[in-house]
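Reader: Could you walk me through this model in plain terms? I would like to learn how to read the features one at a time.

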Amino acid sequence: MKPTGRPPEKAYIRSYGCQMNVYDSERMADLLASEGYEIIDAPGDADLVILNTCHIREKAAEKVYSELGRLRINKERARAEGRNPLIAVAGCVAQAEGEEMIRRAPAVDLVFGPQVYHRLPRLLARARAGEKVIETEFPTEEKFDALPNDRRSVTSTRAATAFLTIQEGCDKFCTFCVVPYTRGAEFSRSPEEILDEAHRLVAAGVSEITLLGQNVNAFHGVDGAGRGHDLPDLLKALAGIDGLARLRYTTSHPRDMTQKLVAAHRDIEILMPYLHLPIQSGADRILDAMNRKHTAAEYLAIMADIRAARPDIAISSDFIVGFPGETDAEFEATLRVVETVGYAQAYSFKYSPRPGTPAADSNEQVPEPVKAERLARLQALLEGQQFAFNRATETAILPVLLDRAGRKDGQLAGRTPYLQAIQVEAPVALLGTIQQVRVTKAGPHSLFGSLADNTVPVKFEARTVQLEGVTS
Ligand code: SAH
Ligand code: SF4
Ligand code: F3S
């Protein structure tokens, strides 16, 4: 921290959207802490408020404007007391809307995109001098180079788990999605830099790392010797770090799901048996209109391979219902894929037209009530599958990373290898450790358990993945 005579300025950062935003917010906190800021948990007394925003669906973007409405009132009150807190909007709404944000919310002082927060101290100085600052470039490489390496992860390593961004941006241009516009072109960090960061995290007490990227399995980092490394190479290298107990990665695209990556799920012991692989729709015509560039059958073939490599793997996905032109039969095809795969958990959304994306211009928009009805049916099916998955782990003894305080006194909360949330009767001294836990009760969304001392692995019913009859 820089020595100053005054009390430290206080900064509040709120994160919306994906885990990459969570990671970015943590790095902003590191950067501000190294500039002498105190990071606080509520906006009330803050001298600087940063909203790290998400533009993925209309609802996500609208949340930001309602929060800005509240912050404006806060700011007026602070000004009456002689303070002048700055309001900054970062992330994907900032990138997509730029100066339009300041027009719509004049209380905003700074607008900056996901690739420039390493310039935050300079941007803040300009804003303090009274300028309305807008910065929406894409210098991705510079962003990672310029972050304070030695300070990185200072504020965020109280936890046993950590995110590590290894890849940014996306070149796939699914016709519904804003990410290629808000995060820019695909870029992979260098393997050395990632390994360095992972070593630092482990040294600070982290035992589970989740590698992040909008297209994490498209990772293709180049090392100092000019050699290319793919995600399986990187996982293997990370698995060699002493003290690292668990590895995860998210989010993957079916097109980049190589046999080598499938094999990594068989061969790398600390790679957790969980795969988030979004399919979006089960109908080939819709997948084509979405520009996903794979069929439902190809997705199911990956499911068959990954289950052959790791029979107990928990599968997760994202779904969009009511994409423009989606017929009842095409929606039914999605339900059939869900029935075939059997998901451990999933995210599902009504299609939300995003300005500037091709699908938003389609004149075949599906009426809202139809979308709502389809979403309800899909979610009922997925919820049932999640509950069934949870029940299949009942009575099993599983290693649980106890990473948080529990809901009640005398409980800690954690995650099973299958990423299920679990409440465990355990003393606080075990916080941050991995313990063998007997699952005593399975709920629809989480488990309950108690400490055990021997291991009984789960036996899932073998699921046959059919390759035919799933497309409409
Ligand atoms: N990179 C990831 C997903 C990024 S966005 C991938 O390729 O799978 C996370 C999820 O939000 C997407 O998988 C999709 O299901 C959903 N999503 C994205 N754009 C959307 C839109 N316009 N309307 C509704 N859901 C959307
Ligand atoms: Fe969006 Fe598609 Fe890229 Fe995922 S792969 S981030 S859904 S454009
Ligand atoms: Fe949202 Fe941007 Fe992430 S749009 S999902 S915060 S990449």
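Reader: Let us begin with ligand 2. How many nonpolar, polar and charged residues does the shell around ligand 2 have?

Author: The shell of ligand 2 has 7 nonpolar, 2 polar and 2 charged residues. Here Ala, Val, Leu, Ile, Met, Phe, Trp, Tyr, Cys and Pro count as nonpolar, Asp, Glu, Lys and Arg as charged, and the others, Gly among them, as polar. A residue counts as near a molecule if one of its heavy atoms lies within 4 Å of it. Around ligand 2 these include Cys170, Cys174, Cys177, His253 and Arg292.

Before going on, some ground rules: this is a predicted model, where local features need pLDDT of at least 70 and side-chain atom pairs count only at pLDDT 80 or more, while totals for chains, interfaces and linings use all residues. Residues are numbered from 1 along each chain as its sequence is written, chains are lettered from A and ligands numbered from 1 in the order in which they are written, and side-chain values use heavy atoms, with hydrogens and water left out.

Reader: Which residues surround ligand 3?

Author: Among them are Cys18, Cys54, His55, Cys92 and Arg183. By class, the shell of ligand 3 has 4 nonpolar, 4 polar and 1 charged residues.

Reader: Now the domains. How do I read an interface?

Author: The size of an interface is often given as the accessible area lost when the parts come together. Domains 2 and 3 bury about 1,400 Å² between them, 57% of it on carbon and sulfur atoms (accessible area with a 1.4 Å probe, summed over both parts). Arg246, Phe387 and Asn390 supply 36% of what domain 2 buries there, more than any other three residues.

Reader: How many salt bridges cross that interface?

Author: Side chains of opposite charge can pair when their charged atoms come close. The rule wants a side-chain nitrogen of Lys or Arg within 4 Å of a carboxyl oxygen of Asp or Glu, and between domain 2 and domain 3 it finds 0.

Reader: What is the count by this rule, and can you show me one pair?

Author: The count comes to 33 salt bridges. One of them joins the side chains of Glu9 and Arg128, at 3.0 Å from N to O. Glu9 lies in the segment before strand S1 (10–15) and Arg128 in helix H5 (residues 120–128), so the pair ties together parts 119 residues apart in sequence. Helices (H or I, at least four residues) and strands (E, at least two) are DSSP runs, numbered from the N terminus.

Note on methods. Buried area = accessible area lost by both parts, 1.4 Å probe.
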